[in-house]
Amino acid sequence: MSRRVLELINIWKIYGKKPNQMTVLKNVNLTVERGEIVAIMGPSGSGKTTLLSIAGTLEKPSSGQVIIGGLDVTGLTEEELTKIRCKNIGFVFQTYNLIKNFTALENVIFPMLISGQYTFNEAVERGKELLKMVKLQDHINKYPGQLSGGQQQRVAIARALANDPDIILMDEPTGNLDLKSSANVMSLVKWLNEVYEQTFLIVTHNIEVASLATRIVYICDGQLYEKPPEGVLAKHFREEVEDREFLEKLLKIEIRLLSLRARNLERRIESGKIDLKDLARETTFLRHKVEFLEKVRGR
Amino acid sequence: MSVAKLSLTFALRDLKFRKFISILNIIAIASGIATFMALRTVSFGCRVAAENVVSQVLPGEILVYGESLCDLPEEVMYDLEKVPGVERAIPVVLTIGYMEGALTFILGIESKDLDLAVAQYSSGGGFGEDDYRVVIIETNFAESRNISVKETVFIKPQISPNSYPFRVVGIANIGMKIQEISSAGTYVIVPLREAQEIIGREGFITMAMLKLDEGEDPRLVEETILREFPEARIFRREDILKMIYQVISLVDGLLFSATVIGVIIAVFGTVNTIMANVREHAREIAIMRALGARVSHIATIFLTEAFIYGMIGGIVGLALGFLETNLVRNLINSIGLLEIPAVTEPGIIFISFSSSIIVSLLSAAYPTIKACNVKPVEVLKYE
């Protein structure tokens, strides 16, 4: 059995077409080995979820290779990928994503039944054990709406474990949970990893969740880093601020706004619809603004 | 099988969680099926009723008559009986007259043919070969005029200035009559000779009714008769039935448009319900796809739901159809146009029920395709 459960090789993901195309992932390489808990951290819009969807075969990369359990799945058809997702990958989402027409037990047995590996009775037997594992043996016949957020997330974990997947992909698993439920869910992840050598790839904003991982990788601006990228935000900031052309544009807009305000003041004076107090406040404001703009231009 | 079981669970829960919409959808399907079934059943009943009436009015399969009223020589009966395929030839005189001031259809037949003309005696009996000036009158008329057996009634043929006294020997329900015409007057049966005598046409009859041997083709017999008697005018019972069927088919066609509207409503109802369902479950479909559900699994879920709608709609539709059929049947019977029997066309229950399921499944096809096209990555859009 291969130690490498997931390999992402030279992954690029580009949305749209020229000239409006947007590059979300830039030459990403990631290998996850059996028994690891890998956390992916990064700011919003950095490409975390896209990376997760490509790792989970929900989306195809624009270029690069995705290898799951030693099998290159990059060129497989949607129906072939469906089988891979069913047997090799487990998913846990931020909003639990349980099927509301099914009870907790039915949600857990669903992946087993569609895999075609288990009979209904076998699936039920396994499902009950899995729910016992996540401490929900007393809630097997409850609908998702009757469970708390933490309980729903534990059902989702039991469902992800249903077909003994190579890897479980988690997208902000504690994003919607309170502190206690988050601790509950993450301790479960840790136990499953230690006791069953279950592999996890977790996308999170939460540094405390990431601290439970055996390895943390960082994603920023579509690129993956083994260490937290330093000064990335500051670099972007400097680039933006040094854009003199945009500064000129801003100044012109401000002058136009001030001239509109001055014209408005003139009209109100002519029609006698302004008292002395307001007139004094407006003229002070305009004088102050003009002086400030002159200062900015002088820099 | 296991996936089917879970699909059934999913579909049943949907029905349970969305009761109001589901009930409306089932009513839409059921009303279409009920209308279809009622129309088909009533139409079938009309055909059976028409056959009964025609068989009653015309006990023979073939009618042979002359060019004008009562001008067929009686001797022709002997020749007609010899025609191959003819089992029995019945001479009949039919004329109009008055009895006790009421318009009367006077039917003259031989005593041996009374069994064909009388449905049931309520008092008295038939007449014999040698009986003279005797009459069998209708039960309803006798009751309304308080006439009993052995009394004398006066009958005046329309073409004669004289009235003739007849002794009532029987009061009966007369079979060989057209119900619709009889509402204009009453029927009486007199011996053939008396009928000929009172209209002054001794030796002539209005028509000859021919009963054929079992399985005999009336068209072949007609051809034989026309070969021997080219001037004869012939009317086949099946021609009359054909004309009646044409009228019923025309009415059927008109009523069918009403059924089509019902079916269209059912189709729109189902498409709308399943479509709303797909939209509502779009996220869950994406979850299922992400979890590894194949297109066939998703299709099974929504087609199962449509199947259940069709099945329940079909059962409710059949029940409503029976009620609707009885209602229409009673309405027609009460008007007195036809006595529609309580018979159901063979296979109509199966056709109605399977139509319900087929319509429902076809209506679900487009929403199901939409459901199958939901991409698994959609699940992340909700995050």
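Q: Contact means heavy atoms within 4.5 Å of each other. Which residues in helix 5 of chain A do A:R126, A:L130, A:L131 and A:M133 in helix 4 of chain A meet?
A: This is a predicted model: local features need pLDDT of at least 70, side-chain atom pairs count only at pLDDT 80 or more, and totals for chains, interfaces and linings use all residues. Residues are numbered from 1 along each chain as its sequence is written, chains are lettered from A and ligands numbered from 1 in the order in which they are written, and side-chain values use heavy atoms, leaving out hydrogens and water. Helices (H or I, at least four residues) and strands (E, at least two) are DSSP runs, numbered from the N terminus. In helix 5 of chain A, the four residues of helix 4 meet A:V155, A:A158 and A:L161.

Q: How far apart are the end C-alpha atoms of helix 5 of chain A?
A: Helix 5 of chain A runs over residues 149-161, which is 13 residues. The expected span is 1.5 Å times one less than the number of residues, so helix 5 of chain A should span 18 Å. The model agrees with this: the end C-alpha atoms are separated by 19 Å.

Q: How many residues of helix 5 of chain A are buried?
A: Buried means under 20% relative accessible area, exposed over 50%, and partly exposed in between (1.4 Å probe, protein chains only). Among the buried residues of helix 5 of chain A are A:G150, A:R154, A:I157 and A:L161. The helix is mostly covered, and of its 13 residues the buried ones number 12.

Q: Are helix 5 and helix 6 of chain A roughly parallel or roughly antiparallel?
A: Two packed helices are described by the angle between their axes and the distance between the axes. Axes are lines fitted to C-alpha atoms, for helices over the stretch in contact, and angles run from 0 to 180 degrees between N-to-C directions. Here the angle is about 20°, with the axes 9 Å apart. Angles under 35 degrees count as roughly parallel, over 145 as roughly antiparallel, 65 to 115 as roughly perpendicular and the rest as oblique, so this pair is roughly parallel.

Q: How do helix 4 and helix 5 of chain A lie to each other?
A: Their axes are 9 Å apart, at an angle of about 135°. The two helices are therefore oblique.

Q: Which residues have the most contacts inside the largest nonpolar core?
A: A nonpolar core is a set of buried Ala, Val, Leu, Ile, Met, Phe, Trp, Tyr and Cys residues joined through side-chain atoms within 4.5 Å. The largest one has 75 residues, and its largest share, eight residues, comes from helix 3 of chain A. The residues with the most contacts inside this core are A:F110, A:L131 and A:I157.

Q: Which residues of chain B does A:F110 touch?
A: Residues up to four places away in sequence are not counted. In chain A, A:F110 touches A:I99 and A:F102. In chain B, A:F110 touches B:L6, B:M288, B:L291 and B:A293.

Q: Is B:N277 buried or exposed?
A: B:N277 lies in helix 9 (residues 237-280) of chain B. Beyond its neighbours within four places in sequence, B:N277 is in contact with B:D14, B:R18, B:F302 and B:E305. Its relative accessibility is 0%, so B:N277 counts as buried.

Q: What is the phi of A:N97?
A: Most residues other than glycine have a negative phi, and most peptide bonds are trans. A:N97 lies in the loop between strand 6 and helix 3 of chain A, and it is buried at a relative accessible area of 2%. Its phi is positive, near 55°.
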